[in-house]
Amino acid sequence: MSPTRLAIGTVQFGTNYGISNDQGQVSQLEQKAILNFASEVGIDMLDTAINYGDSESNLGNYGVNNFKLITKIPPIPDNLTNVTKWIQAQVKSSMGRLGLTSLYGLLLHRSDHLLKYKGDVADCLADLKSSGLIKKTGVSIYSPNELDSIVGIIPIDIVQVPISIIDQRMQTTGWLDKLKSKKIEVHARSIFLQGLLLMPKAKIPKKFLSWNNIWNDWYDWQNDNPNYSPLETCLGFVNSLKNIDRIIIGVNSYNQIKEIIDAKKILKHIEYPKISCNDERLLYPSKWSSL
């Protein structure tokens, strides 16, 4: 796997994020070690967001001019009198924290806001691109169903979407091929499902036992294929999908990013376990608190 296909997700740099994260927010010393290593091995993209706590400020303090930065603006508040002015202010403050004069990408967290504020948002994003402040614009989504109402209606350059060995909806709906045909970048996130797919079977929280058949198949496959670690298998599956441009990996430590880079097995030609699921209660971490 080429490091240039990877991007570092930095939500852990600003918040205590992830169901498998028992270390809390990544320390600034560890952030520096992660970013130094990423730069050394050729990872050239970072993914952050304005509402990732102090992630942007920490990245700005480190100095990220040698990376391509993608950030995401928060959901647009209701009853704004000037959406364009609000977006411009968000971008300006984001660049200030990051210490940058331009961004590789600016994404919206809510695809429905592309429709709700269609003219204002489209015009504002176009102006940001034409001014050189933003190279590419796009949206972060949770379901490929969201694409039906926005692709081809509003210009976008990047779609960030969950894709994993357990979440194969982008393939089964045909959207990976459709986006590639429209020359829209696909950035895969949640490839480890917040680390749930990397947990030992005994540590799977009880609230997920409703999907016990999936976990049984997953761990049976691991027992039958001991040469492939869960991390290598999850990475290998996503890396085998040719129409994905970037794979976003969230890491809590230098050791984790080194383990990912050391996972050299491409695993393109093995038969992966059949554990795909369409149940949003499992695929959407936002729904886990109600389980």
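Before the first selection, one term is required: a residue is buried when its relative accessible area is under 20%, exposed when it is over 50%, and partly exposed in between, with a 1.4 Å probe and protein chains only. Helices (H or I, at least four residues) and strands (E, at least two) are DSSP runs, numbered from the N terminus. The model is a predicted one, in which local features need pLDDT of at least 70 and side-chain atom pairs count only at pLDDT 80 or more, while totals for chains, interfaces and linings use all residues. Residues are numbered from 1 along each chain as its sequence is written, and side-chain values use heavy atoms, with hydrogens and water left out.

**First stop: confidence**

Colour the chain by pLDDT, the predictor's confidence in each residue, from 0 to 100. The chain has an average of 91, and 95% of the residues score at least 70. Confidence is lowest in helix H4 (residues 112–116), with a mean of 80, and highest in strand E2 (residues 45–47), at 98.

**Second stop: the barrel**

Eight of them close into a barrel, in the order E1-E2-E3-E4-E5-E6-E7-E8, with parallel pairing. From one strand to the next, the twist averages 25 degrees. Two strands pair if DSSP finds at least two bridges between them.

Select residues 185–189, which form strand E7. Which way do the side chains point? Glu185, His187 and Arg189 point one way, Val186 and Ala188 point the other way, and all are buried. In a regular strand, side chains alternate between the two faces of the sheet. Because five of the five residues of E7 are buried, the strand is largely enclosed by the rest of the structure.

Strand E6 (residues 158–162) runs parallel to E7 and is joined to it by five bridges; Pro162 has Arg189 in E7 as its bridge partner. Strand E8 (residues 246–250) also pairs with E7 in the parallel sense, over two bridges, and Arg246 in E8 is the bridge partner of His187.

Select strand E3 (residues 68–73), where Leu69 is found. Leu69 has a relative accessible area of 1% and is therefore buried. Contact means heavy atoms within 4.5 Å. Leaving aside residues up to four places away in sequence, Leu69 touches several residues, including Leu46, Val64, Leu98 and Tyr104. Tyr104 lies 35 residues from Leu69 along the chain, yet their C-alpha atoms are separated by 5.3 Å.

Strand E4 (residues 103–108) pairs with E3 in the parallel sense over four bridges, and Gly105 in E4 is the bridge partner of Ile70. Helix H3 packs on the sheet and touches E3, E4 and strand E5 (134–140), its direction making about 140 degrees with that of E3. Axes are lines fitted to C-alpha atoms, for helices over the stretch in contact, and angles run from 0 to 180 degrees between N-to-C directions.

Within H3 (residues 83–98), select Ser94. Is Ser94 buried or exposed? With 0% relative accessibility, Ser94 counts as buried. Ser94 touches Ile50, Glu56 and Thr71, not counting residues up to four places away in sequence.

**Last stop: helices H8 and H9**

Finally, select helix H8 (residues 212–224) and helix H9 (residues 230–239), whose axes come within 11 Å and cross at roughly 105 degrees. At the contact, Trp218, Trp221 and Gln222 in H8 meet Pro230, Thr233 and Cys234 in H9.
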